[in-house]
Structures are given as structure tokens and as C-alpha cells.
Amino acid sequence: MHPLPQLPIFKASSLASILKLPDYYNLETGVYYRNPSSVDSFSKLHHSREESAEKVKCSQGLHWRRRRRMMTMMKKVVICQAALTHTGVVDNDGKTTPNSAHPFVQVEGVSYRPPGTQLNLLNNVSLSLPDKSLGLIYGRSGSGKTTLLQVLAGLATPTEGSIRIGRDSSERSLASQAGIVFQFPERYFLADTVLEELTFGWSRRAEDMLLRQQLAMRLQAAVFAVGMADIPFDKNPRTLSDGYKRRLALAVQLVRMPDLLLLDEPLAGLDWKARADVVNLLRSLKGERTLIVVSHDLKELAPLVDRAWQMEMGGHLSEQLWPSSDS
Ligand SMILES: Nc1ncnc2c1ncn2[C@@H]1O[C@H](COP(=O)(O)OP(=O)(O)OP(=O)(O)O)[C@@H](O)[C@H]1O
């Protein structure tokens, strides 16, 4: 089992707004929120917490020292859950997800021609990638690399061929299985604050409280994983540096927990420090999930690459021998 990383702990005010609650349990001080219905739904989230939440509910008349001990216990459960989810030791259902040599991503004979055009941007593209590994696609500008990522992300439908993500023949759409981080993520930002961007689209309905709690824990782990814990949540995402814009876009995807993460030129335009940070981030993500990266920065990414393909002009993909390749 991986050692648990130290996770940052949200301020009560941030957590309350993430969960869209008036009052909430303050993870930092252990002070208990006042809304009793929240305790009930909170306790249902994980069985291990049920007892402690129940005790907390009963503890309001107890001596402050005993109450504080209970709060510390609950705090540990929350942090462990976030850490386990973050490290991939436990997935959403609490099951372990072992690595496998079987293809996790299988693309067979994919061609793509945009509607209303006569030109194939992708031509008979095939690739396969095992679970929890990193595939690199490189090639000349205009060869079709971004188009392939868009097709893999379900943003464009192949004219021919098939794409499978995951081990079993899932009915889920590619858009729900894959997450894409674009080269210029700010073009796709929708909100005016970092917090709104991270929580965009979350249901506000009272009955979705459990889901929001789960998302909030993932959000905590994601913000930490991308190194954004020190960025104020009320900052406008468009005013972030290029490196932090990309981190934010990546955090948004990590909260979604896609099976396949697609990154388009994650190092382009960043200074050396941000590039090193992103390479380290990719290193830690690899092993937890499956990544396909489009990049021109072969040297920096070389140690992380399991499989590599060159995209040739006209959308022809060919696998390349890579020093660390297992094939
Ligand atoms: N909807 C479209 N209709 C017609 N042509 C398109 C469309 N989208 C992209 N193209 C063209 O397809 C080719 C491949 O574009 P794509 O962005 O996939 O290349 P790329 O390899 O990612 O390039 P870069 O490295 O510069 O990002 C380019 O010539 C582009 O102009």
C-alpha cells in the first residue's frame, strides 16, 4: 500500500461553500457544524464513519475534551479517504484497482473526416495502451494529433473504426470515460472564480448532498495533487499564470476521475520551473491512471513514456520503438 500523502485541509468557510451548506464540520479545528441533517447524510457516505458521526451527534452534551477526541477521529477518516482515493489505492466503490498488461485503451482502424469535408484528418489509426501507463504522441504541426485527442475524448465521432476504453465492453460514452486538458485551457474556462470553475455543474439539489460530499473530497485531493493548495479560491482563473491555468484545468479533470486522461501539449509555453512541476505531476499521476500526452517535448517526457507513436502528415499514426517501452 502507498504511504498516505499529507493533504491540505480546507478552511471551514471554503468547505461550506464547496458543499453549498450554511454550516459544516470544520476539518481544521474540529469544530462541529450545526446542521443535524448534514450529519445524517455525512454518516451515510462511508460505513466506517457512521458510528463516529452518530457519536458526534450524541456528543453535543459531552465534555469538550471527549468531543474534541471524536472530532479528531472523524477528521482522520476524512483525510484517509481522500488520500486513498487520490493515490488510487481505493476507487470510488472502495475496491482496489490492480495494474494489468491487457490493453486498457484499444483504438482500431479509426478514420475521421469532419462533416462537410472530403479530407480525412485521421487515417486508419490504431493503438493500444495498458492500464496506468503513459502513451506519447508526437509529430509535425498540423498532422492530426489534437484531432486524435478530440476523437478519443468523444468530442468528434470517428467516420470509421472503433475505440474502447476500460476492460469490459462498457456502455458508457467516451465523453464520460475520457477527460481532456487542452493546450490553452483558458479558452474553455466558464466561471469567474477558481472555486466556481472547480465546482461548475455540481448539482445544488438537497438530495445530492452525498454526491457533493464525495466530489468535495476528490476536489481536496485534486487541488493538492496539482499543487494549487495555496491559490485563493476566489481568484479569477483567467488571471492565473499559464502554468496554474493548466493545473486548474487538470484539477477539474481529476475531480471527474476519468478512466483516460488526455493532455495536449502540457509543457508548451511554460517556464522551466512550471515544466518541471508538470513533469513531476505526470509522474505521480502515471501509475494511478492511464494517460495519453501529445507533446513536442520528447526529452523531458522520455523517462515517463511507456509507448510512443508518431503522427505523420495526413493523420497516419505509427508506433515507435521507445527505450523504456515494454513491447
Ligand atoms: N474541423 C476541421 N475541418 C477541416 N480541417 C480541420 C478541422 N480541424 C482541424 N483541421 C485541420 O486538420 C489538420 C490537423 O489539425 P490538428 O490540430 O489535429 O493538428 P496537430 O497535429 O495537433 O497540430 P499542432 O501540433 O499544430 O497542434 C490541420 O491541418 C488543421 O488545419
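1. Glu265 is placed in the loop between β6 and α10; helices (H or I, at least four residues) and strands (E, at least two) are DSSP runs, numbered from the N terminus. Glu265 is buried, with a relative accessible area of 6%. Buried means under 20% relative accessible area, exposed over 50%, and partly exposed in between, with a 1.4 Å probe and protein chains only. The phi of Glu265 is positive, about 50°, although Glu265 is not a glycine. Most residues other than glycine have a negative phi.

2. A word on the basis of this note. The model is predicted: local features need pLDDT of at least 70, side-chain atom pairs count only at pLDDT 80 or more, and totals for chains, interfaces and linings use all residues. Residues are numbered from 1 along each chain as its sequence is written, and side-chain values use heavy atoms, with hydrogens and water left out.

3. The protein has 11 helices and 9 strands. Of its 327 residues, 51% count as buried. Contact means heavy atoms within 4.5 Å. Among the contacts with a separation of 6 or more, 67% come from residues 24 or more positions apart.

4. Lys132 also has a positive phi without being a glycine, near 55°. Lys132 sits in the loop between β2 (122-130) and β3 (134-139), and is buried at a relative accessible area of 11%.

5. The buried residues of α10 are Ala274, Arg275, Val278, Val279, Leu281, Leu282 and Leu285. Seen down the axis of α10, these residues fall within an arc of 160°, so they line one face of the helix; the arc is that of the directions from the helix axis to the C-beta atoms. An α-helix has 3.6 residues a turn, so residues three or four places apart point the same way.

6. What do the buried residues of α10 pack against? Their partners are α8 (209-225), α9 (242-256), β6 (260-264), β7 (290-294) and α11 (298-301). After α10 comes Gly287, with a positive phi near 100°.

7. Helix α5 (residues 145-152) is mostly covered, with 6 of its 8 residues buried. They are Lys145, Thr147, Leu148, Leu149, Val151 and Leu152. Gly154 follows α5 and has a positive phi near 80°.

8. Arg247 lies in helix α9. Is Arg247 buried or exposed? Arg247 is buried, with a relative accessible area of 9%. Apart from neighbours within four places in sequence, Arg247 is in contact with Val226, Gly227, Met228 and Asp277.

9. Leu190 belongs to the loop between β5 and α7 and is exposed, at a relative accessible area of 56%. Not counting residues up to four places away in sequence, Leu190 touches Glu197, Phe200 and Arg238. Leu190 and Arg238 are 48 residues apart along the chain, and their C-alpha atoms are separated by 9.9 Å.
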